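I opened the model to look up its strands, helices, cores and ring pairs. My entries follow in the order I made them.

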Amino acid sequence: MIDFWNVSKRYGEKLAVSQLDLHIPPGEVFAFLGPNGAGKTTTIRMLVGLLRPTEGRVSVCGYDATGRDRLAAQCIGYVPDQPYLYDKLTGREFLEFVGQLRGLSRRELAARIEREVARFEIGDFLDELTETYSHGMRQRVVFAAAVLHDPKVIVLDEPTVGLDPRSTKLVKDLLRERAAAGTAVFMSTHTLSIAEEIADRIGIIHHGKLIFVGTVEELRSARASDHASLEEIFLQLTAEERQETNSFSSPAIGTSVGDVGMTSSLIGNRERGTSSQKESDYSACEVTREFLESSSQNGVLATETRPNQQ
Ligand SMILES: Nc1ncnc2c1ncn2[C@@H]1O[C@H](COP(=O)(O)OP(=O)(O)OP(=O)(O)O)[C@@H](O)[C@H]1O
């Protein structure tokens, strides 16, 4: 359902993701773990078609994700790391807008919105302008928008940051429920307890290299650490990799680690911009809008439906 075929991504001389070969079947919850700067967001942005790999191929639901194929984007529900909503719309207007882009009929859309209102308990504030929402309220509406069209793949970048325990539980339940119905879930997280609780498999990326993929039990037995927590093993593993990388002798990481730091040659490597800004400096607004544009029925937001932005 989600396939990375030998995917690498460079930003100038910086190798952010190296030869990633990873396959997620339908119905699996996959948690993508790694320290800061490991390559998680870069991987996710390639998966949702916002970044093009330097090498390799990414496919989603059998469609090419790297060529901004509209059918690939249509089969994805994406929750970026920053929950962006159009400030001058109410939450309901935002959901209606997204539902229209997804091609839902008026009747379907009304029913789906009610379904998500009940699931995410957003009815109390849905008719207020989103500029008045707290982070958690925004996040819940963004979740509702992402699953409105019953996507076959759900991609989430740090989904539970800023959510209260009840909302976190709603999200965990949603992901397990969707997976049981055959949806593939790809989620990056630093919250290892959540990964341990809901993921069928985990992947650990470090310095752009996938250093482990499998179940938490497989990780424990590979490390002969039957009673260690995922957190303990994760910290050990990434600390070992750091030492080995520093001494230039890591067999797990190999010789292709391009961790040479950022240089001014990165200037001009931003794919969809003209400035020397980092790609990751895209505002959440741009990321969300770009994704919605690429997945809309017409490939672009129709002028008449584009909300007024501030
Ligand atoms: N536009 C860019 N230009 C240059 N380097 C970049 C750019 N975007 C990311 N990087 C670098 O690529 C590497 C991977 O970054 P990425 O954002 O994918 O990591 P991450 O695992 O999501 O980190 P975090 O957990 O901190 O969000 C980092 O070394 C980062 O500095």
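I began with Ser 8, which stands opposite Glu 55 in strand 4. Helices and strands here are DSSP runs (H or I of at least four residues for helices, E of at least two for strands), numbered from the N terminus. I noted that this is a predicted model, in which local features need pLDDT of at least 70 and side-chain atom pairs count only at pLDDT 80 or more, while totals for chains, interfaces and linings use all residues. Residues are numbered from 1 along each chain as its sequence is written, and side-chain values use heavy atoms, with hydrogens and water left out.

Strand 1 (residues 2–11) and strand 4 (residues 55–60) pair in the antiparallel sense over 5 bridges; two strands pair if DSSP finds at least two bridges between them. I then looked up strand 2 (residues 14–24), which runs antiparallel to strand 1 and is joined to it by 7 bridges. Asp 3 stands opposite His 23 in strand 2. The hairpin of strand 1 and strand 2 has 2 residues between the strands, and Gly 12 takes a positive phi near 60° there. I found 7 of the 10 residues of strand 1 buried (under 20% relative accessible area; exposed is over 50% and partly exposed in between, with a 1.4 Å probe and protein chains only).

I traced an open sheet of 6 strands in the order 6-7-8-3-9-10, with mixed pairing. Strand 6 and strand 10 (209–214) are the edge strands, each pairing on one side only. Neighbouring strands of this sheet are turned by 15° against each other on average, direction ignored (axes are lines fitted to C-alpha atoms, for helices over the stretch in contact, and angles run from 0 to 180 degrees between N-to-C directions). Strand 9 (residues 201–206) pairs with strand 10 in the antiparallel sense over 5 bridges. On strand 10, Gly 214 stands opposite Ile 202.

Helix 5 lies across strand 6 and strand 7, running at about 170° to strand 6. Its 13 residues reach 19 Å from first C-alpha to last, close to the 18 Å expected at 1.5 Å a residue (the expected span is 1.5 Å times one less than the number of residues). I found 11 of the 13 residues of helix 5 buried, so it is largely enclosed by the rest of the structure. Among the buried residues are Arg 138, Gln 139 and Arg 140. The cover over helix 5 includes strand 6, helix 3, helix 4, strand 7 and helix 6, with contact meaning heavy atoms within 4.5 Å.

Helix 6 has 16 residues that should span 22 Å, and its end C-alpha atoms are 22 Å apart, which agrees. Its buried residues include Lys 172, Leu 175 and Arg 178. Strand 3, helix 5 and helix 7 are among the elements covering them. Gly 182 follows helix 6 and has a positive phi, near 105°.

**Cores**

I looked up the largest nonpolar core and found 55 residues (a core is a set of buried Ala, Val, Leu, Ile, Met, Phe, Trp, Tyr and Cys residues joined through side-chain atoms within 4.5 Å). Helix 5 (residues 135–147) gives the largest share of this core, 7 residues. A second, separate core of 30 residues includes Leu 22, Leu 47, Tyr 78 and Phe 186. Ile 204 is one of the residues with the most contacts inside the largest core, and touches Leu 33, Phe 212 and Phe 234, among others.

I also checked Leu 230, which is found in helix 9 (residues 230–246). Leu 230 counts as buried because its relative accessibility is 1%. Among the residues it touches are Leu 33, Leu 192 and Ile 202.

**Ring pairs**

How many aromatic pairs does the structure hold? I found 9 (rings of Phe, Tyr and Trp, the last by its six-membered ring, pair if their centres lie within 6.5 Å; planes under 30 degrees apart count as stacked, over 60 as edge-to-face and the rest as tilted). The rings of Phe 4 and Phe 186 have centres 6.0 Å apart and planes at 45°, so the pair is tilted. Phe 4 lies in strand 1 and Phe 186 in strand 8, so the pair ties together parts 182 residues apart in sequence. Both Phe 4 and Phe 186 are buried. The rings of Phe 125 and Tyr 133 have centres 5.0 Å apart and planes at 75°, so that pair is edge-to-face. Phe 4, Phe 30, Phe 32 and Phe 186 form one aromatic cluster.

Conventions: Lists of a residue's contacts leave out its neighbours within four places in sequence.
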